[in-house]
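Take a look at the model below. This report covers its pockets and its nonpolar cores.

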Amino acid sequence: MKKDFGDILNQWEKSCGNESHKIFDKDSQRENFEEREKMRDSEYVKKLPPQDTIDLHGLTQEEARKALDVFVANAKRCGLRKILIIHGKGIHSGEGDGVLSSLVRNFIEADSRLGQFGRADKTMGGSGATWVVVRQ
């Protein structure tokens, strides 16, 4: 049976899923390696500006948890490296620490999509906001 060009092309496209046919881009690999190395430096990470922000003011704990889950999923899907979560300082909370602040910390620590985190600097909310690295 003689194959036409369409048959050959279809066969080739099917074989492209095979690892042996993938192109190795060493420049891209090097850039990825360098970026991963930079992300291990805590001072570098602290200075990175957040690429997106969510403000949880006025939300209940359940609403905030759901909003965080969607926000983190979108950040990961979009390839964002650092995000900012504004939770407030808890000034109007009768308890010592803000309710949303505690919720955010627990969420970050339990979520495998998230890595390093810390208090935002004063220009971005200070103790009322937390920056987070999204794992790739």
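In this predicted model, the lining of the largest pocket divides into 3 nonpolar, 4 polar and 6 charged residues. For the second largest pocket, the division is 4 nonpolar, 8 polar and 4 charged.

| Pocket | Volume | Lining | Largest share of the lining |
|---|---|---|---|
| Largest pocket | about 290 Å³ | 13 residues | α2, 5 residues |
| Second largest pocket | about 240 Å³ | 16 residues | α5, 5 residues |

Which residues lie nearest the centre of the largest pocket? They are Arg36, Met39, Arg81, Val133 and Gln136. Two or more lining residues come from each of α2 (26-39), β3 (114-119) and β4.

In the second largest pocket, His87, Ser101, Arg105, Ser127 and Thr130 lie nearest the centre. Here α5, β3 and β4 each give two or more residues to the lining.

Now take Arg81. This residue sits in the loop between α4 and β2. Is Arg81 buried or exposed? Its relative accessible area is 18%. Buried means under 20%, so Arg81 is buried. Beyond its sequence neighbours within four places, Arg81 is in contact with Glu35, Met39, Gln51, Val132, Val133, Val134 and Gln136.

Next come the cores. The largest nonpolar core has 18 residues. Leu56, Leu68, Ile83, Ile85 and Leu114 have the most contacts inside it. Two or more of the core residues come from each of α4 (61-77), β2 (82-86), α5 (99-110) and β4 (129-134). Another core, of 8 residues, lies apart from this one and includes Met39, Leu48, Ala129 and Val133.

How values were computed. Residues are numbered from 1 along each chain as its sequence is written. This is a predicted model: local features need pLDDT of at least 70, side-chain atom pairs count only at pLDDT 80 or more; totals for chains, interfaces and linings use all residues. Side-chain values use heavy atoms; hydrogens and water are left out. A nonpolar core is a set of buried Ala, Val, Leu, Ile, Met, Phe, Trp, Tyr and Cys residues joined through side-chain atoms within 4.5 Å. Buried means under 20% relative accessible area, exposed over 50%, partly exposed in between (1.4 Å probe, protein chains only). Helices (H or I, at least four residues) and strands (E, at least two) are DSSP runs, numbered from the N terminus. Contact means heavy atoms within 4.5 Å. On a 1 Å grid over the protein atoms alone, a cavity is a set of points where a 1.4 Å probe fits but cannot get out, and a pocket is an open set with protein on both sides within 12 Å along at least five of seven lines; lining residues have an atom within 4 Å of a point. Grid points are joined across faces, edges and corners, and a volume is the space filled by probe spheres set on the points. Ala, Val, Leu, Ile, Met, Phe, Trp, Tyr, Cys and Pro count as nonpolar, Asp, Glu, Lys and Arg as charged, and the others, Gly among them, as polar.
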